[in-house]
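Trainee: Could you walk me through how to read a structure like this? I would like to take it one feature at a time.

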Amino acid sequence: MTTQAAAVYALYHVPFEPRWFPVFYTAASQPDLHVGEIAERIGHTHAAVSQVLKELAKHDLVSVQRGEADQRRSIVALTPSGASLWPALQQQATDVRQATEELLTETRHNLWLAIGEMEYALSRRSLANRVKAIRDQRIAGQVRILDYTPEHQPVFKNLNAEWIERYFRLEEADLKALDHPEEYILQRGGHILLAEYHDQIVGTCALIKMSDDMYELAKMAVSPTAQGLGIGLRLGEAAVAKAAASGAERLYLESNTKLGPALNLYHKLGFRKTVSGPASPYERCNIQMELLLK
């Protein structure tokens, strides 16, 4: 159909590229729009619309000038040549619409309705999000959540030290928990979970018991090679379930506001900022969050 569109323009002796049509038609039917408004109306990127406008301007069909009210915006208008072309394009569009409607009567399915349904579905959830959901579901089936054993101590420390030293520095409280997790976490009633993916430990998190009804979610780390795969969410969900099964009524965590992806994960798990947390042993802590389990 795209190839035949060029033949339609030739039939009407219109010197016009089919890919120019959405931009030109919008500029002609809705005068004095700026470039961004045209892009928004036709669903194209600003850069793509700007490129087409450059070609239209080169053929003396439109002019693009700074707006009087706002110099930051470029207003699109038809030139005299563009204005003289517009009636012919309108008649052509009317004829094409009628021919298309006749074509649709010869087909089993209404292509325009199908396209409209597809566009509506994609406006509600993009193709990229749909693919991501399928990918995350597949990966979730390949991730195993394991309980900590003593041989996991080196990877437990390395995964955490990697992200801490990337943004901050290892503090004394870090080294106690990472070098001696049995003493400072497990023997005090806590838990350590690990994520295994493709036979490699790629993520960790700990539950540190603070009282009979409260645990701290801490030492959460995912290897850079496995980030973006939803493994942090799997670990977080497993930790929340573990805490609830252990009788916790509240989960608490400490973080830093520069760690945007981590905070997004915590919000997804249901954590919210608290203003009544205990004194933190970490210099890097500037936000405390909690999740009520009961």
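Trainee: How many bridges join β6 to β7, and do they run parallel or antiparallel?

Mentor: Strands of a sheet pair through backbone hydrogen bonds, either parallel or antiparallel. Here β6 and β7 run parallel and are joined by 3 bridges. One of these links Met214 to its partner Arg250 in β7. Two strands count as paired if DSSP finds at least two bridges between them, and the strands (E, at least two residues) and helices (H or I, at least four) are DSSP runs numbered from the N terminus.

Before we go on, a word on the source: this is a predicted model, in which local features need pLDDT of at least 70 and side-chain atom pairs count only at pLDDT 80 or more, while totals for chains, interfaces and linings use all residues. Residues are numbered from 1 along each chain as its sequence is written, and side-chain values use heavy atoms, with hydrogens and water left out.

Trainee: In what order do the 7 strands form the sheet?

Mentor: The order is β3-β4-β5-β6-β7-β9-β8, in an open sheet with mixed pairing. At the edges stand β3 (143-147) and β8 (272-273), each with a single partner strand, so one side of each is left without a neighbour in the sheet.

Trainee: Which residues touch the most other members of the largest nonpolar core?

Mentor: A nonpolar core is a set of buried Ala, Val, Leu, Ile, Met, Phe, Trp, Tyr and Cys residues joined through side-chain atoms within 4.5 Å. Buried means under 20% relative accessible area, exposed over 50%, and partly exposed in between (1.4 Å probe, protein chains only). The largest core has 30 residues, and Leu217, Ile231, Leu251, Tyr266 and Phe271 touch the most other members. Among the elements that give it two or more residues are β5 (200-211), β6 (214-222) and α12 (260-269). Helix α11 gives the most, with 5 residues. Apart from this core lies another, of 22 residues, including Val14, Val35, Leu85 and Trp86.

Trainee: What does Ile231 touch?

Mentor: With contact taken as heavy atoms within 4.5 Å, and leaving out residues up to four places away in sequence, Ile231 touches Val143, Ala195, Tyr197, Val202, Val222 and Ala226.

Trainee: How many aromatic pairs does the structure hold?

Mentor: A pair of aromatic rings is described by the distance of the centres and the angle of the planes. Rings of Phe, Tyr and Trp (its six-membered ring) pair if their centres lie within 6.5 Å; planes under 30 degrees apart count as stacked, over 60 as edge-to-face and the rest as tilted. The structure holds 9 such pairs. In one of them, Tyr25 and Trp86 have ring centres 5.3 Å apart and planes at 70 degrees, so the pair is edge-to-face. Tyr25 sits in helix α2 (residues 21-29) and Trp86 in helix α5 (residues 80-105), 61 residues apart. Tyr25 is partly exposed at 30% relative accessible area, whereas Trp86 is buried at 13%.

Trainee: Last one: how many disulfides are there?

Mentor: A disulfide is a covalent bond between the sulfur atoms of two cysteines. With the cut-off for the sulfur pair set at within 2.5 Å, the count is 0. The sulfur of Cys205 is 18 Å from the closest cysteine sulfur, in Cys285, too far for a bond. Cys205 is buried, with a relative accessible area of 1%, and Cys285 counts as buried at 19%.
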